[in-house]
Amino acid sequence: HMEVGPMGNFVYLVGDNETREVCVVDPAWQIDTILRTAEKENLKIVGALVTHGHFDHCNGLDELLLKADIPVYVQKDEADFVKSFGAAHEVFGAFPDENIRKMSHGDKLKIGGTEITFLHTPGHTPGSQCFLVKDNLVSGDTLFVRGCGRCDLPGGDPAKMYESLTKTLMKLPDSTVLYPGHN
C-alpha cells in the first residue's frame, strides 16, 4: 500500500505474486508514485479497481489511463452516479466508456492466480464497493478501523450503510484483515 495525497488516502496494488500482474485500487493524487512503485517492484498494472467515485479516490484515473490502456472496474450503480456527480464526472468523462467494466455484487476477477470478489456496499455512495481477496478486505470509505464512512455527502444513505455493515460485512469471518481507504 501507499499513502498519497492531502487526505491520507491509501492506494493498494492487488494481484498475483507469480505473474506480477496487479490492479491499482483507487488511483488518486500521485500517479507517478504509483507507477514508479509498480516498476520498482516489477509489477504490471492490468486494471484499476474503484471503491467509489468521490474525487479523492479517483482523481488519477485519467492520468493513469494515458499511461496504460486498462479496464476500470466500477460497481454498476456507481458508474451511473458519477456521471452526474461534479468533479468525479470530469474524471470519468476524461476516458472512453469502453474502459469501464460495470460490476455487480459477487462478481469475481482473476489476476493470475488471485481471485478478487466484488462486494456492493452502498451507503457512502450508491455504488460503493469493497474488494475481498482471500481473507483481506479493501474497503475504500465503506469501513474504517473505528467506524464507517460518512453518509452525509452526495449519494450517501445511512439506511443503506446499515444494511451493508450488517448484511454483508459483519458476515465476513473475524479473521478478515481490513485495508481502509484512508489513514
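Guide: Let us begin with a term: a pocket is an open set of grid points with protein on both sides within 12 Å along at least five of seven lines, and its lining residues have an atom within 4 Å of a point. Please keep in mind that this is a predicted model.

Visitor: What is the general idea behind such a search, and which residues lie nearest the centre of the largest pocket?

Guide: Rolling a probe the size of a water molecule over the atoms shows where empty space is left. Here, the largest pocket has a lining of 17 residues, and those nearest its centre are Leu13, Val14, Gly15, Val133 and Asn136. Its volume is about 340 Å³.

Visitor: Which strands each supply at least two residues of that lining?

Guide: They are strand E2 (9-15), strand E3 (21-25) and strand E10 (136-140). E2 gives the largest share, with 4 residues. Sorted by class, the lining of the largest pocket holds 8 nonpolar, 5 polar and 4 charged residues.

Visitor: How much space lies in the second largest pocket?

Guide: The second largest pocket has about 150 Å³ of space. It is lined by 13 residues, and His124, Asp141, Arg150, Leu153 and His182 are the closest to its centre. The classes in this lining are 6 nonpolar, 4 polar and 3 charged residues.

Visitor: Arg150 has been named in that lining. With which residue does the side chain of Arg150 meet in a salt bridge?

Guide: For a salt bridge, one looks for a side-chain nitrogen of Lys or Arg within 4 Å of a carboxyl oxygen of Asp or Glu. Arg150 meets Asp152 in this way, at 2.9 Å from N to O. Arg150 is partly exposed, at 48% relative accessibility, whereas Asp152 is exposed, with a relative accessible area of 57%.

Visitor: How many salt bridges does a search of the whole structure find?

Guide: The search finds 2. Asp32 is partly exposed, its relative accessible area being 39%.

Visitor: Let us turn to the strands. Is strand E8 largely enclosed by the rest of the structure or open?

Guide: Strand E8 (residues 114-120) is largely enclosed, because 6 of its 7 residues are buried. As a general idea, the side chains in a regular strand alternate between the two faces of the sheet.

Visitor: In which sense do E7 and E8 pair?

Guide: Strand E7 (residues 108-111) pairs with E8 in the antiparallel sense, over 4 bridges. Lys108 has Thr117 in E8 as its bridge partner. The two strands form a hairpin with 2 residues between them, and Gly112 in the turn has a positive phi of about 60°. E8 is also joined by 4 bridges to strand E9 (residues 129-133), and these two strands run antiparallel. There, Leu119 stands opposite Cys130 in E9.

Visitor: What is the place of Thr125, and is this residue buried or exposed?

Guide: Thr125 is in the loop between E8 and E9. A residue counts as buried under 20% relative accessible area, and Thr125 is buried at 0%. Its side chain makes a polar contact with the side chain of Glu78 at 2.9 Å. A further polar contact links the side chains of Thr125 and Ser128 at 2.8 Å.

How values were computed:
Residues numbered from 1 in each chain as written. Predicted model: local features only at pLDDT ≥ 70, side-chain atom pairs only at ≥ 80, totals over all residues. Heavy atoms only, no water. Buried < 20%, exposed > 50% of the residue type's maximum accessible area, 1.4 Å probe, protein only. Pairing = 2+ DSSP bridges. 1 Å grid on protein atoms, 1.4 Å probe; cavity = no way out; pocket = protein on both sides within 12 Å on 5 of 7 lines; lining within 4 Å. Points joined across faces, edges and corners; volume = space filled by probe spheres on them. Nonpolar A, V, L, I, M, F, W, Y, C, P; charged D, E, K, R; others polar. Polar contact = N/O pair within 3.5 Å; in protein donor to acceptor, adjacent residues only side chain to side chain.
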